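Subject: Structure handover

Hi,

Here is the structure I promised to pass on. Please open it next to this email and follow along.

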Amino acid sequence: MQTAKVQQNQSATNLLEDKKLTFREKVALGLGGMTGTIHSQMIALFLLFFYTDVMEISPAYVAGLFLAARIVSAAAGPVFGIYVDKVTTPWGKYVPWFIILGVPSAILGWLTFTDFNLGPDGKIIYATVTYILYSILLGAIQAPGTAVGPAITKRVDDRVSIGQISYFVVVIGAMIVSVAGQPLYKAFGGGNDAKGFSMLMGIIAVLCVMISVFQVSSLKERYVVQNKKDEKKLSLKEMSKAVFTNKAAVIIYIYVFAMNLAPGIRNAISLHYYKYYFHNENIMAIMGLVAIVPTFIGVTFSAKITKRFGLKANVLIGSIVSVVTAIMIPFFPSTSTGAVLYIASAAIGSLFQGFAAPAQAAMLPAAMDYTEWKTGINVNAFMGSIQGVMKNVAVAISGSLAAGALVFIGYLPGVEQSSETIFGLKMLMGVLPAIILVFTAAVAWFDITEEKQAQIAKDLAERRKAGQQS
């Protein structure tokens, strides 16, 4: 009788694990990217203005605060990732953190953009405390947010589909802030920008809390079997060894670092390039559409292309196209025809990145499964946090490299640039990003095929059954 009951439970487990995710579950997983994008875009587009023009804090102090907060945020991710991998809450391992961290993140976001008129010294202390806490929470939530995927589904098609939905909602989040942010805080404030920013971030906070509740109520962790004794015994050395001896994980980290560093340099230099090479700053607005529309089209067809060619081939082709289109940039003439060619090449690059983005997003979950399969330990949150560190470090380095490079090539603001400076701008827009993007071709050595992923998922399922029986 007991054996029959065990077999019945195993059959139910098999059915649950093989089941495709519902659309609601996929949306719930993807929405984490949307809330993160809204927070990061508000910081990137408006926080400097809010601190200097609304709260009237010294720009020099704000620059130091931004650097300190980025360092703290980068450090918070792995530290919290280690904690998540060692701890299981009564409600689950990863999903509960969407509320545990999501709600205070939303509140800290509102507080960061709210001026309580505390006086010169009070404002500095208030801004420092709220923004650093805000940054810590945003850095910490990346760990469970990235790690939860492998705990929800092992299906490659589901993971690619989640990548598609995630990209779409991320773009929507970015557009909400970039397009509607300024008109909304002006409208809410009625001439009082401090009031407008506070109301806008209050609404965003409510939206983010609602999304967190939706995620927790929609997601079920199907693939986590915990041995709490072993979890707490894991040392940082053991966890690091498990991750960094995984070739697939290292390849993904290299890819992510290069894919954030190269565009970061180009984005920082682009306005200078448009203004002094093409003598047309309006290209910046056009490039905004070029970055979105072709990528949207590519993401739409990504699942079919991935099914036809496979994860690795799709991402590798995108890397090759990125390198080729970057190398072409220095050869475009400084004419209207050259500008059109530049825009067209950027559109082609965006299209292929759209094809590749959801496929690339499915690679880290595969590497997480491989680490658990190979070592017998689950360090998904730690692995996800390392990816966040790669992004943060790449963004920080790109800004510093771009600023230093402008000095090196002899750039002088507001005057006609020398031929040497123009040459330097072309190198910074094309050649340097191309050299960096060559490292994304490391995905050619990513050897966790779809067939291997299926076998790993099967083996892990058998281990979970054995754990449940014992």
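First, a term: a residue is buried if its relative accessible area is under 20%, exposed if over 50%, and partly exposed in between (1.4 Å probe, protein chains only). By that rule Thr37, at 12% relative accessibility, counts as buried.

Some ground rules. This is a predicted model, where local features need pLDDT of at least 70, side-chain atom pairs count only at pLDDT 80 or more, and totals for chains, interfaces and linings use all residues. Residues are numbered from 1 along each chain as its sequence is written, and side-chain values use heavy atoms, with hydrogens and water left out.

Two more terms come up throughout. Helices (H or I, at least four residues) and strands (E, at least two) are DSSP runs, numbered from the N terminus. Contact means heavy atoms within 4.5 Å.

**Buried residues**

Back to Thr37. This residue is found in helix α2. Leaving aside neighbours within four places in sequence, Thr37 is in contact with Val170, Gly173 and Ala174.

Next, Thr295. Look for Thr295 in helix α13, residues 283–309. Thr295 is buried, with a relative accessible area of 8%. Not counting residues up to four places away in sequence, Thr295 touches Tyr167, Ser350, Leu351 and Gly354.

Ala362 sits in a loop, between α15 (336–361) and α16 (363–375). Is Ala362 buried or exposed? Ala362 is buried, with a relative accessible area of 1%. Leaving aside neighbours within four places in sequence, Ala362 is in contact with Arg159, Val160 and Leu311.

**Cores**

A nonpolar core is a set of buried Ala, Val, Leu, Ile, Met, Phe, Trp, Tyr and Cys residues joined through side-chain atoms within 4.5 Å. The largest one has 56 residues. Which of them touch the most other members? They are Met42, Phe50, Tyr51, Phe113 and Tyr131. Two or more residues come from each of α2, α3, α4 (97–100), α5, α6, α7 (142–152), α8 (156–189) and α9 (193–218). The largest share, 13 residues, comes from α2.

Take Tyr131 as one example. Leaving aside neighbours within four places in sequence, Tyr131 is in contact with Ile43, Leu47, Tyr51, Leu65, Phe66, Ala69 and Thr112. There is also a second, separate core of 46 residues, which includes Ile252, Met368, Phe446 and Leu460.

**Helix pairs**

Two packed helices are described by the angle between their axes and the distance between the axes. Axes are lines fitted to C-alpha atoms, for helices over the stretch in contact, and angles run from 0 to 180 degrees between N-to-C directions. Angles under 35 degrees count as roughly parallel, over 145 as roughly antiparallel, 65 to 115 as roughly perpendicular and the rest as oblique.

Start with α14 (residues 311–328) and α18 (residues 419–437). They pack at an angle of about 160°, with their axes 7 Å apart. The two helices are therefore roughly antiparallel. Ser322, Val323, Ala326 and Ile327 of α14 meet Gly430, Val431, Ala434 and Leu437 of α18. For classes, Ala, Val, Leu, Ile, Met, Phe, Trp, Tyr, Cys and Pro count as nonpolar, Asp, Glu, Lys and Arg as charged, and the others, Gly among them, as polar. This contact has six nonpolar, two polar and no charged residues.

Now α6 and α7. Their axes come within 4 Å and cross at roughly 15°. That makes α6 roughly parallel to α7. Leu138, Gly139 and Ala140 of α6 make the contact with Gln142, Ala143 and Pro144 of α7. Four of these residues are nonpolar, two are polar and none is charged.

**Loops and a partly exposed residue**

Glu56 lies in the loop between α2 (23–54) and α3 (59–86). Its phi is near 60°, a positive value in a residue other than glycine. At 64% relative accessibility, Glu56 counts as exposed.

Asn117 lies in the loop between α5 (102–112) and α6 (120–140). Its phi is near 55°, also positive in a residue other than glycine. Asn117 is exposed, with a relative accessible area of 61%.

Last, Ile124, in helix α6. At 28% relative accessibility, Ile124 counts as partly exposed. Not counting residues up to four places away in sequence, Ile124 touches Ile57 and Tyr61.

Best wishes
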